[in-house]
Amino acid sequence: MLPELKQADLIELLNKMLLVRRWEERLIRLAAEGPSFGHYHVYVGQETIGIPALFALRPTDLVFPTHRNHGYLLGRGADPGRLMAEILGKESGLNQGKAGTLHASAPELGIPHTSAIVGGIVPIAAGAALAAQVKGSDQVTVAVFGDGAMEEGATFEALNIASLWKVPVVFLCENNTDEALGAAAGGYPKSVTAARDLGDIARAVGVPTLVVDGTDAGGVHSAMNEAVSRARNSGGPTFLEARVSRWPGSNPLWPELPGGEMELRYVEEPEAAPEQLRRWYSEKDGLLRYLREILSHGVMGKNDVEELDAKIHAQVEDAVRFAADSPYPPPGSAYLDVFAGRS
Amino acid sequence: MVDATKTQPSNPSSDTRELSYAEALVEAIAELMKQDPEFLIIGSYILGLGPLRGLFDKVRDEHPNRILDPPTAEVGFAGFGIGAAMNGLKVLVDLSTASFVFEAFPQVVNEAPNARYMSGGRLAVPVVFHFLHGLRGGGAAQHSHSPQAMLWNTPGLQIIVPSSPADVKGLLPAAFATGNPTIFVDHSKLMPVRGPVSNSAKEIPLGVADIKRPGRDVTVVATSYSVQQAFAACESLEAEGIDVELVDPRTLVPLDRQAILDSVAKTGRLVIADETHRSCGVASEIAAIVSEEALGSLKVPIIRVTVPDVPIPFSPVLESELDPTASKIADAVRMQMTRKQVGAR
């Protein structure tokens, strides 16, 4: 379903989600062209979780993501060129080349820190929420993490403490293993988690839970509104699990673009996609689902979408050019920023 | 054994009072809580479980909403402290016994010290992790650690190792003033140690060593409770006519290298006393710095008085065998005075 938002916001939602998709596709091509910028994780196939979730927040709210952070950074308005430059290790990068893809952050956009250690971000985000509580502010903090973080002790400890202290945090769990090996074999959610349902772990310590289909932008937005509202009104934490299938390009150890970029014609004719992606584009891709909803509700016309896509393609090419043309940082800057007040 | 009730040498004046280390620490915390409504404490065994722990009750009674007792979940509440600091609070996270920092290691060594650097200098993380290190008597292998050397191998952490009431009072606010993540290392045996504290005490800048006792013959560099052990050694050595210069770096990060080098240049002899283990310990790093930068000043080889590389045993007799005591420090100083000079035949 479509999120309950004004038309302009629905269009902006598409703008952001399509930007993430095109930017990530371009990043995968860039990685294939070389030189290598190391291991990385893309947000393709999860745009309908993060972007609608961000639309449930105020600009003053905080978001703490993981290594799969590009979607959140772009969604909160990070410059696509500066994010690309960061990934290439350039001086003009968001963090002057100190972070790279895994650790990029944007404190000025309310993304103070990214942790690429599984489970590492969860207590930190909840602690930021505690600070809002101590200050008497109505700010809400979102901890974003994957299903893998549910295997970590740090996550359990954070859920328990957040519940005890009723801190204003939303635990947004992006479960992208809907069709993983364990699930296919009849075990849920996957072979490494003994809990039958990830929410069981949160409920065990009194944290209320919500589950949504992560390909349903409207469902995510509505569930997120509920969780954010509980946090903002001193109701404490919520565990919100958004379930999606893993995008086939994220299955290999290094992201790939199987069958090339997503084409807009797959909205109407998913059977035109390469065979290994037909099921993905017809049933599993949240972005295409959102496009179909936008078009069928007349929020945008087909030509509007094509124009927007062309504009985003150009924006992404600008970003790549900016990043490629940017110089590397001076080697001596390796010694800077260790401590405040001194090098 | 050091007589903890003995006042350290000082210049008495009407401006100073005599306080125990525990009282000075509680005063420092109380002042920070009072000055800043956004100062938060997570964990409250700051004075340990000894008889002085009740001194903290007053602070707790005054600020019940800003002193939080977390569950036994060190990685969790260490992370809470980091996140709260990232969102504008000043946070003191008390990990109690130093050995428990291992339960919090992913947050203490892989989040807090990296966050500012990874952000490109945009993010301040004013969190201070506090713990009681070292040989406390009966702590045995799992409750006697001195992890400050391990943590010194983690760039991005300030490390503070006070040894006196005046130092703990001045260094705690200084740690918060920098906005940097900090390891604040106390020792349960320091808690009853008494000494003068100035009424008009200001922050003590980090990275400035204190010459606890000026001397001519041998430099002793010591940290934390080992400074007290070294004091006791100085007294017996003085009676033998050996004049020790006792240098207390007070902070390992930043380290006042120059004060150590200057003292070694004066005496030509160096003993380093510390409760971290011998290999890759605090004494190892100080010895390495002096070897690299002042080898020509040394008349005789450096001696390290440290805890040997074995786990800490329970039995008092066995623990004492490993303890870098005043008498071991005194023996090392005597050996420095009697050793043949480098190059002499």
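Ser234(A) is exposed, having 11 other C-beta atoms within 10 Å, in a model that is predicted rather than determined by experiment. Because a residue counts as exposed if 12 or fewer such atoms lie within that distance, the count for Ser234(A) falls under that heading. The residue is found in the loop between helix H10 (217-232) and strand S5 (238-243) of chain A, and its phi is near 65°, a positive value in a residue other than glycine.

Chain B holds a serine with a positive phi as well, Ser224(B), where the angle is near 50°. Ser224(B) lies in the loop between strand S10 (218-222) and helix H8 (225-239) of chain B. Is Ser224(B) buried or exposed? With 28 C-beta neighbours inside 10 Å, Ser224(B) counts as buried, whereas Ser234(A) is exposed. As background to both residues, most residues other than glycine have a negative phi, and most peptide bonds are trans.

A cis peptide bond joins Gly34(A) to Pro35(A), with omega at about 0°; Pro35(A) belongs to the loop that runs between helix H1 (7-33) and helix H2 (47-54) of chain A.

In chain B, the peptide bond from Val253(B) to Pro254(B) is cis, and its omega is near 0°. Pro254(B) sits in the loop between S12 and helix H9 (257-267) of chain B, and strand S12 (251-253) is itself an edge strand of the sheet described next.

## The open sheet of chain B

In chain B, 7 strands form an open sheet with mixed pairing, in the order S3-S2-S4-S5-S7-S6-S12. Its edges are strand S3 (67-68) and strand S12 (251-253) of chain B, each of which pairs on one side only. Within this sheet, strand S4 (residues 90-97) and strand S5 (residues 127-133) of chain B run parallel and are joined by 5 bridges, and Leu92(B) stands opposite Val128(B) in S5(B).

Helix H7 (residues 165-178) of chain B packs on the sheet, where it touches S4, S5, strand S6 (158-160) and strand S7 (182-187) of chain B. The direction of helix H7 of chain B makes about 175° with that of S6(B).

## The two domains of chain B

Chain B is divided into domain 1 (16-198) and domain 2 (210-337), and the C-alpha centres of these two domains of chain B lie 25 Å apart. Between them, 26 residues of domain 1 of chain B are in contact with 23 residues of domain 2 of chain B.

Which elements give two or more residues to the side of domain 1 of chain B that touches domain 2 of chain B? They are helix H6 (148-152), S6, H7 and S7 of chain B; H7 of chain B is also the helix that packs on the sheet and touches S6 and S7 there. By class, this side of domain 1 of chain B has 14 nonpolar, 10 polar and 2 charged residues.

## Contact between chains A and B

Between the chains, 38 residues of chain A are in contact with 39 residues of chain B. On the side of chain A that touches chain B, the elements giving two or more residues are helix H6 (121-135) and helix H7 (153-165) of chain A, and H6(A) provides the largest share, 11 residues. The residues on this side of chain A divide into 23 nonpolar, 11 polar and 4 charged.

Methods
Residues are numbered from 1 along each chain as its sequence is written. Chains are lettered from A and ligands numbered from 1 in the order in which they are written. This is a predicted model: local features need pLDDT of at least 70, side-chain atom pairs count only at pLDDT 80 or more; totals for chains, interfaces and linings use all residues. Two strands pair if DSSP finds at least two bridges between them. Helices (H or I, at least four residues) and strands (E, at least two) are DSSP runs, numbered from the N terminus. Two residues are in contact if their C-beta atoms, placed from the backbone, lie within 7 Å. Axes are lines fitted to C-alpha atoms, for helices over the stretch in contact, and angles run from 0 to 180 degrees between N-to-C directions. A residue is buried if 20 or more other C-beta atoms lie within 10 Å of its own, exposed if 12 or fewer, and partly exposed in between; C-beta atoms are placed from the backbone. Ala, Val, Leu, Ile, Met, Phe, Trp, Tyr, Cys and Pro count as nonpolar, Asp, Glu, Lys and Arg as charged, and the others, Gly among them, as polar. Domain bounds come from an automatic or database domain assignment.
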